[in-house]
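User: I would like to go through the labels used for this model. Please set each value against its cut-off.

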Protein chains: 2
Amino acid sequence: VAKPQLIVGLMSGTSADGIDAVVAEISDSPAPPKLRARILAHHHRAFASSLRKQILAVCGAGRVAEICELNFLLGRHFGQAALAVIRKAGLNPNQIAAIGSHGQTIHHLPNAATPSTLQIGEPAVIAEFTGIRTVADFRVADMAAGGQGAPLVPLADWVLFTDPRRPRIIQNIGGIANLTFLPAGAKLGEVRAFDTGPGNMVIDAVVAALSNNRLTYDRHGAWAVLGTVSNRLLNELRSHPFLRRRPPKTTGREEFGHEFTASLLGRAKQLRLRHEDIIATATAFTAVSIAGAYERFIWPAMARNALPNLQVILGGGGAKNPFLRRMLAEEISRSLSGAAGNRFLFTHEDFGIPNSAKEALAFAIMARETLAGRPSNVPSATGARRPVVLGKIVAAA
Amino acid sequence: VAKPQLIVGLMSGTSADGIDAVVAEISDSPAPPKLRARILAHHHRAFASSLRKQILAVCGAGRVAEICELNFLLGRHFGQAALAVIRKAGLNPNQIAAIGSHGQTIHHLPNAATPSTLQIGEPAVIAEFTGIRTVADFRVADMAAGGQGAPLVPLADWVLFTDPRRPRIIQNIGGIANLTFLPAGAKLGEVRAFDTGPGNMVIDAVVAALSNNRLTYDRHGAWAVLGTVSNRLLNELRSHPFLRRRPPKTTGREEFGHEFTASLLGRAKQLRLRHEDIIATATAFTAVSIAGAYERFIWPAMARNALPNLQVILGGGGAKNPFLRRMLAEEISRSLSGAAGNRFLFTHEDFGIPNSAKEALAFAIMARETLAGRPSNVPSATGARRPVVLGKIVAAA
């Protein structure tokens with residue numbers, strides 16, 4: 001068992017609102033989970049709105065000169081986020097073994113004739129700025145091996161949450177909802193991960209439309225809780241072919257974006273639904289698409305006697321919506337015909353992992369795997385031909 | 001002394017006409033030069049003209065989607081070039097220790113508010129395609145350390161050409177002319193490198209203009225040899241302030257591009273020079289700017305008794321122009337007042353290194369240094385604050 005290492009993880013998501021940085025203490029573990037990871041500090045470095053606009057503009061149609069410069073500029077921001085979280089942990093940079101940086105995705109074309117993906121935030125700048133060895137650019141190697149380059153978080157789910165006796169589903173509810181299924185004592189090859197359908201994307205879009213853009217999301221589910229689910233509309237929504245498609249599968253704005261929402265609102269108008277009913281129904285759609293995915297694709301893969309031990313661990317913004325959580329608990333219970341335990345719904349915080357730090361932690365873990373020469377993609381999740389070592393290693397300056 | 005390693009070097013220059021690939025056998029050496037490098041095979045993979053156009057278009061104003069895809073597409077081309085040169089050497093990929101890939105520069109902004117540079121040709125794709133560990137993206141770390149990200153070839157000049165008794169100048173004559181000065185038995189910190197001024201850039205532009213674009217260069221100096229140098233015009237040209245500026249210094253099209261050529265041609269017309277005289281004078285300008293740089297910046301740094309041992313090793317397209325070579329020999333002799341030896345002008349081929357393979361070989365050598373954790377920038381050449389380990393390491397797939 002190697003001694004614990006302190007590793008910084010850095011992540012900026014597609015919303016480009018800023019960088020999440022963690023210092024994690026990571027050590028080997030003799031039994032599953034394979035690693036123990038403890039978050040010593042977590043820091044969010046918000047991007048100024050001008051920088052955020054610059055990033056989003058580059059994602060859409062950036063020119064080479066802008067991309068060239070933004071790569072270096074973001075490198076400094078990532079480096080500063082690393083130093084800030086190290087200070088917050090009461091540590092010095094020379095105590096840190098490595099940085100794992102996801103960078104900022106500015107383009108992702110997994111299904112093009114030449115599949116490709118582009119993350120920026122120059123790791124050579126991070127290494128120079130911090131004096132710390134940096135591992136970065138994790139998605140390209142998975143895509144080079146025939147994968148979608150995403151999701152990469154399943155490895156972290158596996159090392160953090162695999163339990164020798166309990167099967168677990170790590171259910172993230174971001175814009176899109178996605179899960180990692182970990183059978184009890186799972187080997188890496190037994191891990192399954194896929195998108196279940198919309199997370200908050202449809203709810204948020206409906207809320208924005210019905211509030212004339214005064215609201216961006218249904219805080220605490222407070223609007224949905226006033227309404228009644230329209231079973232007629234819900235049944236129409238759940239006939240979406242994505243829900244039946246076999247995993248591995250991913251989805252996004254192409255299927256659940258503007259067009260989908262516009263059609264949902266049009267149909268709701270025909271049915272003369274009240275605003276609160278529409279939002280309740282959109283929320284129910286997320287819940288039933290998640291529970292439906294379990295019923296279709298997870299329960300058949302599980303022994304019936306394992307069900308009472310099942311734990312579902314929620315993450316993402318949707319985990320903070322009590323109305324959605326309640327519906328999800330009901331739908332899962334119903335699908336299991338009462339076979340689940342008394343309490344099966346948990347959050348990342350129940351396991352000592354701040355929800356917003358999870359992805360940054362995942363890249364700290366992946367950096368450690370890369371430095372050890374171990375693969376960290378999960379082929380059943382990304383579709384890659386085989387496990388490959390991800391990331392590029394930049395020496396400490 | 002570590003055992004010899006077989007390393008592939010890959011390079012595509014700014015002209016984007018294709019990839020030069022070498023297999024080099026590199027071994028440590030007990031005395032200077034530090035390494036012995038022997039080229040086992042050299043292969044040029046030409047880009048189809050449509051691909052070349054695509055690359056040049058992206059360099060100018062490429063959009064993010066094009067860059068994202070071209071990065072992966074070029075990765076395949078670099079990988080194919082590597083496999084081709086390995087085959088040509090009669091070897092198998094599993095005998096190759098590593099690939100060092102420069103990639104394709106699509107932007108280089110060393111003097112912007114945020115200095116930055118961008119090379120593409122995804123190394124994760126090269127590693128996947130070849131199954132060989134790949135080191136790439138060498139320029140960014142030097143720039144992150146305050147350097148210009150160029151020139152990087154001086155390290156290779158140092159390891160290949162440092163002689164315990166002879167001072168040497170490695171004189172490259174590409175579009176721009178640049179030199180590496182290696183005092184006898186030089187330590188890395190004693191190496192000097194800088195641009196001397198125009199190489200073929202002005203000659204080529206004048207030839208194109210005077211031939212109505214029928215010719216792109218003065219093959220073998222055949223046009224210049226018919227003319228007479230105009231001392232009046234030459235003296236005006238050599239008053240260009242770049243020639244007096246102290247090194248380290250770099251130049252390019254900003255100083256010796258279209259505007260400079262147009263002004264030269266205008267002045268030549270006033271002086272009623274014949275076409276062949278103009279070309280002879282442009283060629284002489286390259287020769288005197290090189291010899292002038294030696295006189296100003298190199299001879300003062302050398303002991304007088306070292307001069308008879310001096311060797312100047314020519315490279316680049318200009319080395320193939322006998323008229324330019326002869327003028328250069330005369331100018332250097334003159335500047336040394338006869339102190340030089342009988343023969344001081346050599347080519348890379350005299351040292352067993354094909355001129356066109358030199359840069360690819362340099363990146364094979366740099367890959368080896370990176371894997372050994374050794375710096376490979378020359379701060380006196382790039383202006384970096386200190387020596388840093390260059391490149392990013394991607395594991396074999």
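**Salt bridges and the A–B contact**

Analyst: A:R326 and A:E330 sit four residues apart in helix α12 (residues 322–335) of chain A, so about one helical turn separates them. The model is predicted.

User: Why are A:R326 and A:E330 called a salt bridge?

Analyst: Their closest N and O atoms are 3.7 Å apart. The cut-off is 4 Å, so the pair qualifies.

User: What makes A:R326 partly exposed?

Analyst: Its relative accessible area is 46%.

User: Why is B:D277 called buried?

Analyst: B:D277 has 9% relative accessibility. Buried means under 20%, so B:D277 counts as buried. Its salt-bridge partner B:R274, with N to O at 2.9 Å, is partly exposed at 42%.

User: How do you know that B:E25 and B:R38 link distant parts of the chain?

Analyst: B:E25 is in strand β2 (residues 18–28) of chain B, and B:R38 is in strand β3 (residues 35–46), 13 residues apart. Their side chains meet at 3.3 Å, N to O. That is within 4 Å, so they form a salt bridge.

User: What makes A:E128 and B:R385 a salt bridge?

Analyst: The N to O distance is 2.9 Å. Across the interface of chain B and chain A, the rule finds six salt bridges.

User: How much area is buried between chain B and chain A?

Analyst: About 3300 Å², with carbon and sulfur atoms giving 67%. In chain B, B:V64, B:F72 and B:E128 lose the most area to chain A.

Technical notes: Residues are numbered from 1 along each chain as its sequence is written. Chains are lettered from A and ligands numbered from 1 in the order in which they are written. This is a predicted model: local features need pLDDT of at least 70, side-chain atom pairs count only at pLDDT 80 or more; totals for chains, interfaces and linings use all residues. Side-chain values use heavy atoms; hydrogens and water are left out. Buried area is the accessible area (1.4 Å probe) that two parts lose on being put together, summed over both. Helices (H or I, at least four residues) and strands (E, at least two) are DSSP runs, numbered from the N terminus. Buried means under 20% relative accessible area, exposed over 50%, partly exposed in between (1.4 Å probe, protein chains only).
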